[in-house]
Amino acid sequence: MSVTQQQVLDSLGRIKSPRGVALTNANVLSAISAADGNVFFSINVDAAEARAWESVRAEAEAAVRAIPGVTTVMVALTAERKAGAAPPPPPTPSRGTPGVQPVHAHKPPQGGQSPMARQSEIPGVAAVIAVASGKGGVGKSTTALNLALGLRDLGLKVGLLDADIYGPSVPRLTGLHEKPELDGERKMIPLKRFGLAIMSIGFLVEEETAMIWRGPMVMSAVTQMLRDVAWGKLDVLVVDMPPGTGDAQLTLAQNVPLKGAVIISTPQDLSLIDARRGLAMFRKVNVPVLGIVENMSYFQCPHCGTKSDIFGHGGARHEAEKLGVPFLGEIPLHMAIRASSDAGSPVVDSEPDGPHAAIYRAIAGQVRDQLKGVVAAS
C-alpha cells in the first residue's frame, strides 16, 4: 500500500503544537518525503523551545507510524537559535560520571557539559568503531566493508552501518537492494550478506534520490539506524561515516559510543591534510584513534605487477608516526579491488586467498588487537 504526503499531513494535522496550534498550521514542518512506505521530514523550531517540542516530535512519529503501509519513519527535531538570541544555559554538571578510558572502557567523560555525555551503549553491541576520512573519494566505504569482512574472518560477529547519508555506497558495494523488514517490536531487521548484519539509508530510498537534509535531520536518521535496528549480538559494529569534519560528523562522534576510529587517507598531501583534521576531531571528543590506513598507496599493474606511486607513497605512514598513532597498512590501487567492489562482491569475500584480502585481514587483526577487553579474541 502506497503512502502519500496527504495521508501524512492528515495524520499530523491532529497533533497540537505546544501553543495549541495544529502541527500542520504551526509553520514548522519541512517538505515531507513519502515513498515505498518510508516517510522522512523534520520539525524546525527555535532552540529556546526545543525541549517543549520533543514530545510533539515523538507524537508525530507515532502518528505517522500508525498509517497503514508505513514501514519506516524518521522525524528530526531541528532547533536553531535566532539571530541575536542568547545561547541556552549549559546543563548542570552531574556528579560521579565516569571518565573516558581509551578503547577498553570508553565512557562519557566527567561533567554534564561534555559533548560525550549524551552517549549510550547499543544493546547487544560490544564495540562500535568508525571508519572515517577527512574528504571523500579516498575509498573509505570500500575499506570499511572489507575491514568488516576481515574482522568476520577473525571469528567476530560483525555489523556494518552505512552512515554516509548523502552518498550511501554500501548497497552498491554489497549488491543488496532489498527493503528492511520490521520485527515484532517494529525495529528494522538488518539485511544479511557475507555473514554481516548490514544497514544503510540506501536501503530505504532510491539510488538516484538526492538527500538534501540539514545536519540535525542527518543525526536523527543515523540515530534511528542505530537504535531502531535489531542488530542482535555483535562483537563489532563498523560505522562507515560521512566524509569530512563538519557538524554532522562531529555530532555523530559525540552521540555514538565509539570505541575507536580508523582514518582512511591516500598518500598525497591534500588528503593527508584532511586526514589530520579528521584525527584531530576524534581526539577533541576523546575517541581513541585506532590508526591510519593508506589507501591507493600505489598502483599495481594487473598484467606485469609493476608498482607506480601515482599519488606518492608513504605519506600516511609518516603522518601516523608524526602524530603518534598506529599505521595500520597500505592498500594498493588495483583493478581487482575496484572491479569486485563495483560488482557487489568485495575482494575479501570473492578472493579470500588473494593478496588483497590478506592486507585487509592484517589491518583487521590490528584493529581487533586494540579492542581486546572489549571484544572476544578468536
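1. Helix α2 first. Its buried residues (buried being under 20% relative accessible area, exposed over 50%, partly exposed in between, with a 1.4 Å probe and protein chains only) are Ala 50, Trp 53, Val 56, Arg 57, Ala 60, Glu 61, Val 64 and Arg 65. They cover an arc of only 165° around the axis, which puts them on the same side of α2. The arc is that of the directions from the helix axis to the C-beta atoms. An α-helix has 3.6 residues a turn, so residues three or four places apart point the same way. The length of α2 also agrees with expectation: its 16 residues (50-65) should span 22 Å at 1.5 Å a residue, and the end C-alpha atoms are 22 Å apart. The expected span is 1.5 Å times one less than the number of residues.

2. A note on the basis. This is a predicted model, in which local features need pLDDT of at least 70 and side-chain atom pairs count only at pLDDT 80 or more, while totals for chains, interfaces and linings use all residues. Residues are numbered from 1 along each chain as its sequence is written, and side-chain values use heavy atoms, with hydrogens and water left out.

3. Overall content. The protein has 11 helices and 12 strands. These are DSSP runs, helices being H or I of at least four residues and strands E of at least two, numbered from the N terminus. Of the 378 residues, 52% are buried. Among contacts (heavy atoms within 4.5 Å) between residues at least 6 apart in sequence, 72% join residues at least 24 apart.

4. Helix α3. Of its 14 residues, 12 are buried, so α3 is largely enclosed by the rest of the structure. The buried set runs through Lys 140, Ser 141, Thr 142, Thr 143, Ala 144, Leu 145, Asn 146, Leu 147, Ala 148, Leu 149, Gly 150 and Leu 151. At 1.5 Å a residue α3 should span 20 Å, and its end C-alpha atoms are 20 Å apart, which agrees. Just after α3, Gly 155 takes a positive phi of about 90°.

5. Packing of α3 on α11. The axes of α3 (residues 140-153) and α11 (residues 355-370) come within 8 Å and cross at roughly 70°. The two helices are therefore roughly perpendicular to each other. From α3, Thr 142, Thr 143, Asn 146, Leu 147, Gly 150, Leu 151 and Asp 153 meet Tyr 360, Arg 361, Ile 363, Ala 364, Val 367 and Arg 368 of α11. The residues of this contact divide into six nonpolar, four polar and three charged.

6. Thr 174. This residue is found in helix α4 (residues 170-174). Thr 174 is buried, with a relative accessible area of 0%. Leaving aside neighbours within four places in sequence, Thr 174 is in contact with Leu 145, Arg 193, Phe 194, Ile 198 and Gly 344. Thr 174 and Ala 343 are 169 residues apart in sequence, and 8.1 Å apart in space, C-alpha to C-alpha.

How values were computed: Axes are lines fitted to C-alpha atoms, for helices over the stretch in contact, and angles run from 0 to 180 degrees between N-to-C directions. Angles under 35 degrees count as roughly parallel, over 145 as roughly antiparallel, 65 to 115 as roughly perpendicular and the rest as oblique. Ala, Val, Leu, Ile, Met, Phe, Trp, Tyr, Cys and Pro count as nonpolar, Asp, Glu, Lys and Arg as charged, and the others, Gly among them, as polar.
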